[in-house]
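Please read them with the structure open beside the text.

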Amino acid sequence: GDQASETSEKRKSYSAILGRSPLMYGETIQEAILYRTHAVRKDALYYFMERLYGLSLKARTNPQNPLLDKNNKPIPTQILSAKEHLEIAQINVMLQKTALVVFDLSSPFLQKAFAEGFRPARELFESGKTILVILPETETIQWAEDVMGYRFTGTLRV
């Protein structure tokens, strides 16, 4: 049994599913961003927070330490909007060096985040990661490209 669970853990580290639910690892932004990361350089962490935090997260956080609020207190993940959740999740995926990222566009949570103005970060598409999207049954790849702001190179119908 030990080897099977090790393999399962390893497999999880190669992929991430974004947008399925508001469930995050960790109770604070800092815990969520640094979940399953190793030896993260401070400059890389600050680079991604600067680039991938939206306006509402930037307004919520301390400019000197964007992991904390203006009073230097940890920010609980349960107060975040769907858009903010996904901005945090994207940073975590970039820092984990995850090879495969799946966006579940059929998920009501991700649709809520899009309605709040969320758009996947260009850095994600330019990182060399494989990006897969799960479409709602009623939508086309053209719709997904419009929503994601990016062109896909192939489709797979199951």
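**Notes on the fold**

1. In helix α3 (residues 42-52), the buried residues are Leu45, Phe48, Met49 and Leu52, where buried means under 20% relative accessible area, exposed over 50% and partly exposed in between, with a 1.4 Å probe and protein chains only. Seen down the axis of α3, these residues fall within an arc of 100 degrees, so they line one face of the helix; the arc is that of the directions from the helix axis to the C-beta atoms. The face turned away from this buried side carries the exposed residues Lys42, Glu50 and Arg51. The buried residues of α3 pack against α2 (29-34), α4 (55-60), β3 (65-69), α5 and α7, contact being taken as heavy atoms within 4.5 Å. Helices (H or I, at least four residues) and strands (E, at least two) are DSSP runs, numbered from the N terminus.

2. This is a predicted model, in which local features need pLDDT of at least 70 and side-chain atom pairs count only at pLDDT 80 or more, while totals for chains, interfaces and linings use all residues. Residues are numbered from 1 along each chain as its sequence is written, and side-chain values use heavy atoms, with hydrogens and water left out.

3. The largest nonpolar core has 40 residues, and those with the most contacts inside it are Ile29, Ile33, Tyr53, Ile88 and Phe103. Helix α5 (residues 82-96) gives the most to this core, with eight residues. A nonpolar core is here a set of buried Ala, Val, Leu, Ile, Met, Phe, Trp, Tyr and Cys residues joined through side-chain atoms within 4.5 Å. Leaving aside residues up to four places away in sequence, Phe103 touches a list of residues including Leu18, Leu110, Phe118, Ile131, Val133 and Met148.

4. Three strands form an open sheet in the order β1-β4-β5, with parallel pairing. β1 and β5 stand at the edges, each with a single partner strand, so one side of each is left without a neighbour in the sheet. The twist averages 20 degrees from one strand to the next. Four bridges join β1 to β4 and five join β4 to β5, where two strands pair if DSSP finds at least two bridges between them. Ser15 stands opposite Leu100 in β4, and Asp104 stands opposite Ile134 in β5.

5. In helix α8 (residues 141-148), Ala144, Glu145, Val147 and Met148 are buried. They cover an arc of only 165 degrees around the axis, which puts them on the same side of α8. These buried residues pack against β4 (100-104), α6 (108-115), α7 (122-125) and β5 (130-134). Gly149, which follows α8, has a positive phi near 75 degrees.

6. Arg36, in the loop between α2 and α3, has a positive phi near 60 degrees, and Arg36 is partly exposed, with a relative accessible area of 27%. Lys97, in the loop between α5 and β4, also has a positive phi near 60 degrees, and Lys97 is exposed, with a relative accessible area of 65%.

How values were computed. Axes are lines fitted to C-alpha atoms, for helices over the stretch in contact, and angles run from 0 to 180 degrees between N-to-C directions.
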